[in-house]
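Me: I have a model open here and would like to go through a few parts of it with you. Could we take it one topic at a time?
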Amino acid sequence: MSDSVLFRNGIVLTMDDRHTVLPDADVLVVGERIAEIGVGLAAPEGATVIDASGGILMPGMIDTHRHMWQTAMRGYGADWTLTQYFVWYYLESGRLFRPEDVHAGNLLAAIEAVDAGVTTTVDWSHGLQTPQHADAAVDALQAVPGRFVLAYGNIQQGPWEWSASPGFRDFVSRRITPGDDMLGFQMAFDVTGDPAFPERAAFEVARELGVGVTTHAGVWGATNDDGIRLMHENGFMTPRTVYVHAATLNHDSYHRIAATGGSVSVSTESEQSAGQGYPPTWILRDHDIGVSLSMDTSVWWSGDLFSAMRTTLGADRSREHMEAHGRAETVTHVHLRAEQVVDWATRGGSRALGLDGVVGSLEPGKKADVVLIKNDDSPAMFPILNPYGHVAFQAQRGDVHTVLVNGRIVKRDHKLVGVDLAAAREQVGRTIDHLRGEMGEEAWARGMNPDIPETKVRDNPYTYTEWDAGSAQWKH
């Protein structure tokens, strides 16, 4: 393959600081970087030329919170609440996952991400019970031509325990290279609000290693304002801290996040379904807090950011209308626009991860993470009148035509390049067989089909009980 790729005649959403949109423009990639953007660019000798006419060129999308190891259980928990998720993974079956099962989930999730145009994914990997599990997670990520951040966690131990273990330190020294923008590193743990603040030890390890912390904050019934207060009072809230969900905090907590430069990873499909709290974009806007988007886990939801953008717009606007109706008012102009959620799906992620100088926009000199959305066989892909609105409301993963990561073509003409999907399928199959065998058929079925609460139908005062054929009327 040539080290040059030229996209011709696409609608270019640069997502630069001005959100410049270029109709019928070219994007030239040379090596790992974007070399030039303009009209009628000359193709270097031997360049791969891709016709982008009728399509949209945009930066690769960035998911800042995905439990990739759970992808082997795709759809299993579709009817769960957050409580059932906690019971299944934290208390019962999560410990059954072997290193090879973490590998299988991560491999499938990584392939799924690049297929959907998500070129950077944070693996919120809280199933790393041993260093062997962590090695398996990284092995899977490095087997797929995507950009990833390993967020190391272990739900079977307190963070003050696993972060102090020699095995963790050894793993970091062996597998993590500071400054590597293809495999970044975070520490992933939650803060319970315990006044003793046992998580201090893990924060100190993160500070010593010079890495950011990502934490589920503002989750109804699990993490609350006391955790934020303890982090702030002890000096552990930084611009590199990512607060996941942050849906049930008070104004004081949001002020602390804003003042320390942190950002929030919003998982709207998750929040509106599992019960962490109402998706918080409406209040984050009030506090001027940075937002990125994420999908959480495929054990429930989809694995692409088109769904994230769509549901986030819907949830934010629904809240705005609902509150206006409560005041007997009508919303005539919505605050959250399609352009903003496309920014959150790209630049929002790069800012949150400290990669904004590397990826997140199409600008000369940046790494070439590029997505072409084009589908000549889809009636939903024309006309393209509002490109931001088209990305957020009309496009879907099947419309992802070509994906470049770090200048490398990983998907072209709607087909993955250099990915062994059959091998991933085989690995996932072995994981399912293992888990199902360990749990037993009864527990397997029960876990996937939680009880349905009884619903009582109200008595209806307008119900008729007898039909009078003679008068052709109902009688009471």
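Me: Tyr85 and Tyr89, are they buried or exposed?
Reply: In this predicted model, Tyr85 and Tyr89 are both buried.
Me: And how are the rings of Tyr85 and Tyr89 set relative to each other?
Reply: The ring centres of Tyr85 and Tyr89 lie 5.2 Å apart and the planes make an angle of 55 degrees, so this pair counts as tilted. Both residues belong to helix α1 (residues 82-92), where being four residues apart separates them by about one helical turn.
Me: What about Trp80 and Tyr89, what kind of pair is that?
Reply: That pair is edge-to-face, because the planes of the Trp80 and Tyr89 rings stand at 85 degrees, with the centres 6.1 Å apart. Trp80 is buried, and so is Tyr89.
Me: Which cluster do these rings belong to?
Reply: Ring pairs link a cluster that includes Trp80, Tyr85 and Tyr89, together with residues such as Trp69, Tyr76, Phe97, Trp300, Trp301 and Trp444. For the whole structure, the search finds 28 aromatic pairs.
Me: Switching to charges over rings, where does the charged end of Arg319 sit?
Reply: The charged end of Arg319 sits over the ring of Tyr278, 5.2 Å from the ring centre, and it also sits over the ring of Trp282, at 3.7 Å from that centre.
Me: Now the sheet. Why is β1 described as largely enclosed?
Reply: Strand β1 (residues 4-13) has eight of its ten residues buried, so the rest of the structure largely encloses it.
Me: Which way does β2 run against β1, parallel or antiparallel?
Reply: Strands β1 and β2 (residues 21-30) run antiparallel and are joined by seven bridges; in one of these contacts, Leu13 has Val21 of β2 as its bridge partner.
Me: And how many bridges join β1 to β4?
Reply: Four bridges join β1 to strand β4 (residues 48-51), and these two run parallel, with Arg8 standing opposite Asp51 of β4. Strand β5 (residues 56-59) is also parallel to β1, through two bridges, and there Ile11 stands opposite Ile56.
Me: Last topic, how many cavities of 30 Å³ or more turn up?
Reply: The search of the whole structure finds one, and the largest cavity holds about 40 Å³ of space.
Me: What lines the largest cavity?
Reply: Its lining includes Val191, Thr215, His216, Asn224, Ile228 and Met231, and β10 (212-217) and α7 (225-233) each contribute at least two lining residues. By type, the lining has four nonpolar residues, five polar ones and no charged ones.

Note on methods:
Residues numbered from 1 in each chain as written. Predicted model: local features only at pLDDT ≥ 70, side-chain atom pairs only at ≥ 80, totals over all residues. Heavy atoms only, no water. 1 Å grid on protein atoms, 1.4 Å probe; cavity = no way out; pocket = protein on both sides within 12 Å on 5 of 7 lines; lining within 4 Å. Points joined across faces, edges and corners; volume = space filled by probe spheres on them. Nonpolar A, V, L, I, M, F, W, Y, C, P; charged D, E, K, R; others polar. Buried < 20%, exposed > 50% of the residue type's maximum accessible area, 1.4 Å probe, protein only. Pairing = 2+ DSSP bridges. Phe/Tyr/Trp six-rings, centres within 6.5 Å; stacked < 30°, edge-to-face > 60°. Lys NZ or Arg CZ within 6 Å of the ring centre and 35° of its normal.
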